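This report is for a reader who meets this structure for the first time. Please look over the sequence and the model before reading on.

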Amino acid sequence: MQKIPCVVLGATGLVGQVFVWMLSHHPIFEPQILIASDRKSGEKYSDVVDWILPFPIPDNSKNTIIKKLDIEYLTKLGVRLIFSALPSKLAKTVESQLRSKGFWVFSNTSAMRYDSDVPILIPEINPCSLKLIEKQGFPKKGFVVTNANCTTTGLALALAPLIDTEIIKIMAATYQSVSGAGRPGLSSVDIMGNVIPYINGEEQKVVNELKKILKIDAQIFPTCVRVPILFGHLEVVWVEFNKPIEKQIILEKWENFKVNGLLSELQSIPENPISYESNEYFPQPKMSFLGSPEGMQVFIGRLNVVQNLASFVLVVNNLIRGSAGGSIANAELFLKSYESEIWTKL
Ligand SMILES: NC(=O)c1ccc[n+]([C@@H]2O[C@H](COP(=O)([O-])OP(=O)(O)OC[C@H]3O[C@@H](n4cnc5c(N)ncnc54)[C@H](OP(=O)(O)O)[C@@H]3O)[C@@H](O)[C@H]2O)c1
């Protein structure tokens, strides 16, 4: 099958590396152009990337020469599909310019997440929100599709199967890994043997994004904290329902949360987006690269229920499910949903 060439913006960053790794063995998308800052352009990818993933740099990207960001050049090349892992401030301008030039942008950044015509897409939860690209002008024009913030993604997937049972309050305490802060991130002096009780902007993102994705009216109180682990965010969640609920009902809702139809044809979507285990020591951030596809499942354990209150612990891989993997799954859904329009434009 002919592959669809794509561009990775921010390819040397932490999310960008995951794009490069996942796309290197993707059956449909092919990373043709890797873009980083001017400082690294012209260099061989393997020479300048600070690779931190627990897998080797893919052979087919090692020798790729990094390009600088030049929208005119990309326009001339004729590629359409862009995966963006740029810093948010830069993304605001760049992504809207790319959209106006007709590119299809799948973004990890928060820059445009809250625009009313831009979806925050999680295929297992709100696949219909992809239709917002038509409001942006697709197929005649380009568009931006975002995925949720890494913390929100885990929480949204855990809560989605429960929202038909009315939720009135959601509280969460998050224990977030340092890879969530990107590069250069936190200094080792600040984080080693320490916990930092504040992540700038994170709590408001969780509130706004959960409301947009789940369309719920519940009160949401997250407290987001940085802890000295490398990968994976752990979240302790408390949910208050409007009436008593049985533990078994919640377990069944998670168990029955399976993808079917068109979603089951997408390579990066797990058959069971949630994996629950009753072992008291489950889940732990060091497991976040497990699952099938790797890093795409949300692991949940420690469910306790007392009358109308439930608590549980989840782990989400912030770099895969919470960022690059989420974007790739979104692009797969786009491809399946608009196949005929896409191929005529490539
Ligand atoms: N880390 C996470 O867990 C996570 C989760 C969800 C969403 N996000 C979002 O994803 C985005 C990327 O995060 P990250 O953690 O990967 O950040 P990062 O490690 O700091 O990487 C940033 C990337 O952008 C590139 N870049 C910076 N300035 C540039 C410029 N002027 N032109 C072209 N490229 C430029 C960098 O290139 P150089 O290497 O050359 O500097 C690097 O490749 C952010 O918006 C972040 O909020 C991150």
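The sections below take up the ligand site and then some backbone features. The model is a predicted one.

## Where the ligand sits

Domain 1 is made up of residues 4-148 and 324-344, and domain 2 covers 150-317. Because both domains give residues to the shell around the ligand, the ligand lies between them.

Three helices each supply at least two residues of this shell: helix H1 (14-24), helix H5 (88-100) and helix H11 (320-337).

## The shell and its contacts

A total of 26 residues surround the ligand. The closest are Thr12, Val15, Ser37, Lys40 and Leu86. By type, the shell residues divide into 13 polar, ten nonpolar and three charged.

The side chain of Thr12 has an N or O atom 2.5 Å from an oxygen atom of the ligand. At Gly13 the backbone takes part, with an N or O atom 2.9 Å from a ligand oxygen atom. A polar backbone atom of Ala36 is 3.5 Å from a nitrogen atom of the ligand. Taken alone, the ligand exposes 910 Å², and the protein buries 83% of that area.

Most peptide bonds are trans.

Arg183 and Pro184 are joined by a cis peptide bond, with omega at about 0°. Pro184 belongs to the loop between strand S6 (167-176) and helix H8 (188-191).

Phe282 and Pro283 are also joined by a cis peptide bond, again with omega at about 0°. The loop that holds Pro283 runs between strand S9 (274-276) and strand S10 (298-306).

## A positive phi

Most residues other than glycine have a negative phi. Lys215, a residue other than glycine, has a positive phi, near 50°. Lys215 is found in the loop between helix H9 (202-214) and strand S7 (219-226).

Note on methods. Residues numbered from 1 in each chain as written. Predicted model: local features only at pLDDT ≥ 70, side-chain atom pairs only at ≥ 80, totals over all residues. Heavy atoms only, no water. Near = heavy atom within 4 Å. Polar contact = N/O pair within 3.5 Å; in protein donor to acceptor, adjacent residues only side chain to side chain. Areas by Shrake-Rupley, 256 points an atom, 1.4 Å probe, with all protein chains shown as cover. Helix = DSSP H or I, 4+ residues; strand = E, 2+ residues; numbered from the N terminus. Nonpolar A, V, L, I, M, F, W, Y, C, P; charged D, E, K, R; others polar. Domains from an automatic or database assignment.
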